[in-house]
Amino acid sequence: MLSPSFLSRPPPSLLLLLLLSPWPVWVATPMATPDCPEACACAPGGQANCSGRALPAVPAGLSPSVRALLLDHNHVRALPPGAFLGAGALLRLDLRENGLRRVHARAFWGLGALQQLDLSANQLEALAPGTFASLRALCKLSLADNRLARLEPAALGALPLLRDLSLQDNELTALAPGVLAGLPALNSLRLRGNPWACSCALRPLCAWLRRHPRPAAEAETLLCVSPGLQTLSPLTAFSDIAFRRCVQSLAPRDLVVVYTLGPASFFASLAICLALGSVLTAWRARRQRAAARHRRRPPLNLRLAEASPADPGSPAATAQV
């Protein structure tokens, strides 16, 4: 029976036999994956693991064979336009804990198949309009643990397949009207850890919460602060009657119509008034001229009486001659 020492250190005779053998001896060497970024470790199934490698930017060399890209715990501070070009088949993208501060509106262009995006534990304060507009297949989005103070509908856009949205641990006081309207498939919304303000701006969010009941333990953690009173109230406690005194604000499209048609209608009415005034003035001037001509002309019987004796061609004058 061969001993372990024989396996770890072959005898010199065996080495000499291998060297003198007429047949080629193949030595197994690790093979590099051609479609894997140089700074990452790739696994079968298309996963590129680039976690915790102090990368300052998205690695180059991404290919369509990559299905999952793990870029968490790096130093990617900004995402430029087309940051993931070449990875059109990407399904999962993890960008947690990068200190990310800026995301260009076209950073995710070309990722139409992406289903999961994790941007949590970064330093995002705002999102540009259209940031996620190209991610039509997105099902799960995490923006948790950032510095977002406002989330506009234009930033999220219409995401028809989004089911899970995490907004917890930000600085949100309300959700702008229309944010949830473009997410018809949404059924999981994480909101805790935000300084929600008890105001009319919470009306769309409270309406969504009434349609999607939360577990009791989770509902108790969703609190808002009443301005001036410094009292906490659960968001789920506000019914639609509580907002009866709130005036619904106009949508941006309505504001555009108002600001466009308002000046146009004003100038149109002004032009019509000027035209009517000009017509009325001309008509009155014409009447005054006609009345003046009528006053200067004597009556017809007076003209005939004056003209009768002095007219030499009249029959009376001829008879006298």
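Please keep in mind that the model is predicted. A quick reminder first: a disulfide is a covalent bond between the sulfur atoms of two cysteines.

How many disulfides does the structure hold? There are four. If we number the bonded cysteines in sequence order, they pair as 1-3, 2-4, 5-7 and 6-8.

Let's begin with C36 and C42, whose sulfur atoms sit 1.9 Å apart. The torsion about their S-S bond is about 90°, so this disulfide is right-handed. C36 is buried at 15% relative accessibility, while C42 is partly exposed at 31%.

Next come C40 and C50, with 1.8 Å between their sulfurs. C40 lies in the loop between α2 and β1, and C50 in the loop between β2 and β3, so the bond ties together parts that are ten residues apart in sequence. C40 is buried, at 10%, and C50 is buried too, at 0%.

Now look at C198 and C224, joined at 1.9 Å. C198 is in the loop between β11 and α4, and C224 is in strand β12, so here the linked parts are 26 residues apart in sequence.

Where does β12 belong? It is part of an open sheet of three strands, in the order β11-β12-β13. β11 and β13 stand at the edges with a single partner strand each, so one side of each has no neighbour in the sheet. β12 and β13 pair in the antiparallel sense over three bridges, and L223 stands opposite P234 in β13.

Technical notes
Residues numbered from 1 in each chain as written. Predicted model: local features only at pLDDT ≥ 70, side-chain atom pairs only at ≥ 80, totals over all residues. Heavy atoms only, no water. Pairing = 2+ DSSP bridges. Helix = DSSP H or I, 4+ residues; strand = E, 2+ residues; numbered from the N terminus. Disulfide = S-S within 2.5 Å. Buried < 20%, exposed > 50% of the residue type's maximum accessible area, 1.4 Å probe, protein only.
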